[in-house]
Amino acid sequence: MPAEAQVQNVMPPLFSSIDHLGVDASTAKFHLATTEVVIGQPGAGGLVHGRSWIGSGWRDHLSGTVDKTTFLGILVYRVNLGGQAVQFLDLGSGIQPDAFSGGTLTVASNTYTYTARDGTIAYFDKNLSDASASVTNYWSSPWTSEGLITQLIRPDNETLTWTYATASVGGQTARRPQSISNNLGYQIHFTYADNSPANTTELLGPWLQGTKAKGINRAYYYCADTATSCNDSTGGNWPFVTYGTETGGVETVTDRLSQITRYVISGGQMTHVRLPTSSSTNRMVVTYASGEVTNVQSTIGGNFNTSYD
């Protein structure tokens with residue numbers, strides 16, 4: 001599946017200590033954060049679509065879930081927002097505030113409400129947790145999905161809204177984000193390889209296989225939140241990236257200027273990064289042993305060759 005398959009099959013870490021080469025000292029896993037589409041001014045009403053490689057898979061920075069598990073008889077909840085996570089415990093008297101982050105989590109009428117220390121509020125719809133785990137793995141065992149993010153309100157009242165598409169075939173249900181928009185007129189829109197799955201193979205594959213992410217300024221062109229395709233040029237050449245694959249386990253990300261960034265994935269691990277300046281020159285090489293990073297060589301931002309024991 002190309003790089004942007006919308007299956008969020010990795011969870012962001014609760015705690016991490018990531019060095020300048022992307023290695024988490026607490027897990028010996030490799031992390032890489034990317035920014036791929038920017039529309040408007042980040043931090044001032046614009047929207048940013050990016051992804052993080054977290055050890056063994058990608059997670060979208062605009063994804064959001066609430067997940068639940070039981071540990072030693074205690075209910076444990078995790079709020080996962082992009083590449084960050086906050087954990088909450090229910091000791092029998094309700095979900096307790098998180099002492100580390102200062103955040104709170106409540107649930108009422110099938111809606112989870114997460115409030116961050118800075119006043120940011122995120123809403124998660126429990127009714128959107130019904131996707132079959134074998135098809136849309138928004139969670140990882142032993143965690144189960146409790147809901148997907150539908151709205152986020154920042155302290156300055158900027159409001160982000162998520163719109164999902166749902167398909168059910170052969171007794172299985174899958175769900176994918178179709179767009180994210182805000183009340184300041186910006187939108188991130190996703191395009192997929194298939195919009196009409198005829199069987200579970202298509203549901204698992206091309207229906208979830210993202211092929212494009214695009215930023216749109218709705219002051220110039222309105223694209224409906226539920227639309228499966230939007231014009232690329234009306235009102236301007238919108239920023240976008242397309243996702244694909246090449247032989248040898250290479251995932252590609254191509255921007256509007258036809259510049260291609262390549263990520264080599266082998267055995268579920270990222271081993272090489274190749275920037276648009278060359279299709280074959282490795283700008284970063286990651287070596288593993290027993291699933292842990294042992295060495296990183298990088299010429300991105302300088303020349304580094306670091307070993308990990």
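User: Arg218, buried or exposed?
Analyst: Arg218 counts as buried, at 19% relative accessibility. Buried means under 20% relative accessible area, exposed over 50%, and partly exposed in between, with a 1.4 Å probe and protein chains only. This is a predicted model, where local features need pLDDT of at least 70 and side-chain atom pairs count only at pLDDT 80 or more, while totals for chains, interfaces and linings use all residues. Residues are numbered from 1 along each chain as its sequence is written, and side-chain values use heavy atoms, with hydrogens and water left out.

User: What does the side chain of Arg218 meet in a salt bridge?
Analyst: Asp225, at 2.5 Å from N to O. A salt bridge here is a side-chain nitrogen of Lys or Arg within 4 Å of a carboxyl oxygen of Asp or Glu. Asp225 is partly exposed, with a relative accessible area of 21%.

User: How many salt bridges does the structure hold?
Analyst: The structure holds 6. One of them pairs the side chains of Glu36 and Arg51, at 2.8 Å from N to O. Glu36 lies in strand 3 and Arg51 in strand 4 (residues 47-54), so this pair ties together parts 15 residues apart in sequence. Strands are DSSP E runs of at least two residues and helices are H or I runs of at least four, numbered from the N terminus. Both Glu36 and Arg51 are buried.

User: And Glu146 with Lys68, where do they sit?
Analyst: Their side chains meet in a salt bridge at 3.7 Å, N to O. The pair links distant parts of the chain, with Glu146 in strand 12 (residues 144-153) and Lys68 in strand 6 (residues 64-71), 78 residues apart. Glu146 is buried at 6% relative accessibility, and Lys68 is partly exposed at 22%.

User: How many bridges between strand 2 and strand 3?
Analyst: Strand 2 pairs with strand 3 (residues 29-39) over 2 bridges, in the antiparallel sense. Asp24 stands opposite Lys29 in strand 3.

User: What does Pro13 touch?
Analyst: Setting aside residues up to four places away in sequence, Pro13 touches His31, Ile54, Arg78, Gly83 and Ala85. Contact means heavy atoms within 4.5 Å. Pro13 is in the loop between strand 1 (4-5) and strand 2, and is partly exposed, with a relative accessible area of 22%. Its C-alpha atom is separated by 8.8 Å from that of Val86, 73 residues apart along the chain.

User: Last one. Which cysteines form a disulfide?
Analyst: Cys223 and Cys230, with sulfur atoms 1.5 Å apart. A disulfide is counted for a pair of cysteine sulfur atoms within 2.5 Å, and by this rule the count comes to 1. Cys223 is buried at 2% relative accessible area, and Cys230 is buried at 13%.

Conventions: Two strands pair if DSSP finds at least two bridges between them.
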